[in-house]
Amino acid sequence: MENVKFTQMKDGDKADYDFLTEHEIEHTKGTADRLLKALVELDEGLSGYKITRLGHSLQSATRAWNAGADIDWVVSALLHDIGDIFAPYNHDEYAATILKPFVREQCRWVVEKHGDFQLVYYGEHVGANPNKRDAYAGHEFFNDCAEFCENWDQSSFDPAYETKPIEFFAPMVQQVFAREPYDEMVMNAAPPPLADNTVALSPAA
Ligand SMILES: [Fe+2]
Ligand SMILES: [Fe+2]
């Protein structure tokens, strides 16, 4: 069988869907490679900063790595802006959706909300509410997101920072996306502090 027999999904039989499931499994094995390729393509987008989007992503991940953060954090930092390619108005949610089946909920939440939290640094200059993050005050991952943005995101536009290449992070991306998707043990893992030597911010009110 090279293709399914049906032209409408409702006409498919078990053999068709077994065949498709096999294909899907093969396809999902390539997720990490596709993400890494997309990250390189980020380089083509969004000019004006002192470094490219890829440079920013690598620098964020490098800072997380240098701070001693675990693999969930490093991969989340690397991919946190990957949504810029197709979802410039909700790039944070887009990246969080990609990460959701494979990382701790703490990291997923932080990636999903980082756009709102970043506004504290520039909202006033673009007519947006800098305090948008206040809507999440009291959330269990509020401080993680504030620290993620302060230490790894807003700070990672520095061409002079010694940033690791994509090859350094590729095995980590492969490892995370080779996990069993929606593994409760991963998703509900107890959230550790952001990183041992990341500058902690004062708790939110
Ligand atoms: Fe972002
Ligand atoms: Fe970013």
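**Notes on the helices and their packing**

1. None of helix H1 is in the interior: of its 15 residues the number buried is 0, so H1 lies largely in the open, where a residue counts as buried if 20 or more other C-beta atoms lie within 10 Å of its own, as exposed if 12 or fewer do, and as partly exposed in between, with C-beta atoms placed from the backbone. H1 covers residues 14-28 and reaches 21 Å from its first C-alpha to its last, close to the 21 Å expected at 1.5 Å a residue, the expected span being 1.5 Å times one less than the number of residues.

2. On provenance and numbering, this is a predicted model, in which local features need pLDDT of at least 70 and side-chain atom pairs count only at pLDDT 80 or more, while totals for chains, interfaces and linings use all residues. Residues are numbered from 1 along each chain as its sequence is written, and chains are lettered from A and ligands numbered from 1 in the order in which they are written.

3. The secondary structure comes to 9 helices and 0 strands, where helices (H or I, at least four residues) and strands (E, at least two) are DSSP runs numbered from the N terminus. Of the 205 residues of the protein, 34% count as buried, and the C-alpha trace spans about 60 × 35 × 35 Å along its principal axes. Among contacts with a separation of 6 or more, 64% are accounted for by residues 24 or more positions apart, two residues being in contact if their C-beta atoms, placed from the backbone, lie within 7 Å.

4. Helix H3 (residues 53-66) packs on helix H4 (residues 71-79) at an angle of about 160°, with the axes 7 Å apart; axes are lines fitted to C-alpha atoms, for helices over the stretch in contact, and angles run from 0 to 180 degrees between N-to-C directions. H3 and H4 are therefore roughly antiparallel to each other (under 35 degrees counts as roughly parallel, over 145 as roughly antiparallel, 65 to 115 as roughly perpendicular and the rest as oblique). The contact is made by Ser57, Ser60, Ala61, Ala64 and Trp65 of H3 and by Trp73, Val74, Ala77 and Leu78 of H4. These residues divide into 7 nonpolar, 2 polar and no charged, with Ala, Val, Leu, Ile, Met, Phe, Trp, Tyr, Cys and Pro counted as nonpolar, Asp, Glu, Lys and Arg as charged, and the others, Gly among them, as polar.

5. H4 also packs with helix H8 (residues 166-177), at an angle of about 110° and with the axes 10 Å apart, and the two are therefore roughly perpendicular to each other. Here Ile71, Val74, Val75 and Leu78 in H4 meet Phe169, Met172, Val173, Gln175 and Val176 in H8, a contact with 8 nonpolar, 1 polar and no charged residues.

6. The axes of helix H5 (residues 91-99) and helix H6 (residues 105-126) come within 6 Å and cross at roughly 165°, so that H5 and H6 are roughly antiparallel to each other. Contributors to the contact include His91, Asp92 and Glu93 of H5 and Arg108, Glu112 and Lys113 of H6, and its residues divide into 5 nonpolar, 3 polar and 5 charged.

7. One backbone value deserves a look: phi of Tyr182 is near 60°, a positive value in a residue other than glycine. Tyr182 lies in the loop between H8 and helix H9 (184-187), and is exposed, with 10 other C-beta atoms within 10 Å.
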